[in-house]
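Trainee: Hi! Could we go through this protein together? I'd like to start with what's inside.
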Amino acid sequence: MTEHIRRALLDAKKALDDLIGDEKKLQVIAGAADMMTEALRNKGRIFSCGNGGSMCDAMHLAEELSGRFRKDRPALAATAISDPSHMSCVANDYGYDQVFSRYVQAHGRAGDVLVAISTSGASPSVIVAATAAASLGMRVVALTGKPGSLLEGKADLCICAPGGPFADRTQELHIKIIHILIEQIERNLYPEIYADCQARSSMNA
């Protein structure tokens, strides 16, 4: 039993090590944080979407931005597309593929950013949402797990997590990437809340 547990943890560690060692992917993450920062600085909004576990990640991103991450700071404009009344209405009237795009068409504006999450990069509803966002002049950040996906081709920036063949490893990396994006946005917009962390680092150097 414990051997299976150890193997799962080692698999997760390898996926994380692969991400840490990929300088190009780290630069893409930094670029995505800057893109989202620019949108918020210019009074734009962050929208996020995904299915299943990826919807949970989309919701997590939005609530940490509009609510609180590590320390108090002004609320940031972020919404996950997850309203069940909207989704059931659109799915019933237009088909499930339109559940996210219809929301983007209603609320998105040029200068906003859509964070589109799909471990496979092939989810039709997420791809259609990315297409709708681009048509409005929004920027699109994709979080995927497979290189060369359809969603990657629709995104301004694509963070493809090296999670291997299973979605759970990719999702584990996605939540780490999401936390990093939030921290970088806070550091860009409100550096003062990290001042004491920098001071402690200097003292320990």
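Trainee: How many residues does the largest nonpolar core have, and which have the most contacts inside it?
Mentor: Keep in mind that this is a predicted model. Its largest nonpolar core has 35 residues, and Ile46 and Val115 have the most contacts inside it.
Trainee: Which helices and strands each supply at least two residues of this core?
Mentor: On the helix side, they include α1, α2 (23-41), α3 (53-66) and α8 (167-189). Among the strands are β2 (78-80), β3 (113-117) and β4 (139-144).
Trainee: And what is Ile46 in contact with, leaving aside neighbours within four places in sequence?
Mentor: Its contacts are Met36, Ala39, Leu40, Leu65, Ala77, Ala78, Thr79, Val113 and Val115.
Trainee: Okay, new topic. Where is Pro162?
Mentor: Pro162 sits in the loop between β5 (157-160) and α8. Beyond its neighbours within four places in sequence, Pro162 touches Ala15, Asp18, Leu19, Lys25 and Leu173.
Trainee: How many residues apart in sequence are Pro162 and Asp18?
Mentor: They are 144 residues apart in sequence, yet 6.6 Å apart in space, C-alpha to C-alpha.
Trainee: Now the surface. Which residues form a nonpolar patch there?
Mentor: Met1, Ile5 and Leu9 do, with about 380 Å² of accessible area together. Ile5 belongs to helix α1 (residues 2-20), and Ile5 counts as partly exposed because its relative accessibility is 46%.

Terms used:
Residues numbered from 1 in each chain as written. Predicted model: local features only at pLDDT ≥ 70, side-chain atom pairs only at ≥ 80, totals over all residues. Heavy atoms only, no water. Patch = residues over 30% accessible without salt bridge, like charges linked within 9 Å, V, L, I, M, F, W, Y side chains within 5 Å. Areas by Shrake-Rupley, 256 points an atom, 1.4 Å probe, with all protein chains shown as cover. Salt bridge = Lys/Arg side-chain N within 4 Å of Asp/Glu carboxyl O. Helix = DSSP H or I, 4+ residues; strand = E, 2+ residues; numbered from the N terminus. Buried < 20%, exposed > 50% of the residue type's maximum accessible area, 1.4 Å probe, protein only. Core = buried A, V, L, I, M, F, W, Y, C linked by side-chain atoms within 4.5 Å. Contact = heavy atoms within 4.5 Å.
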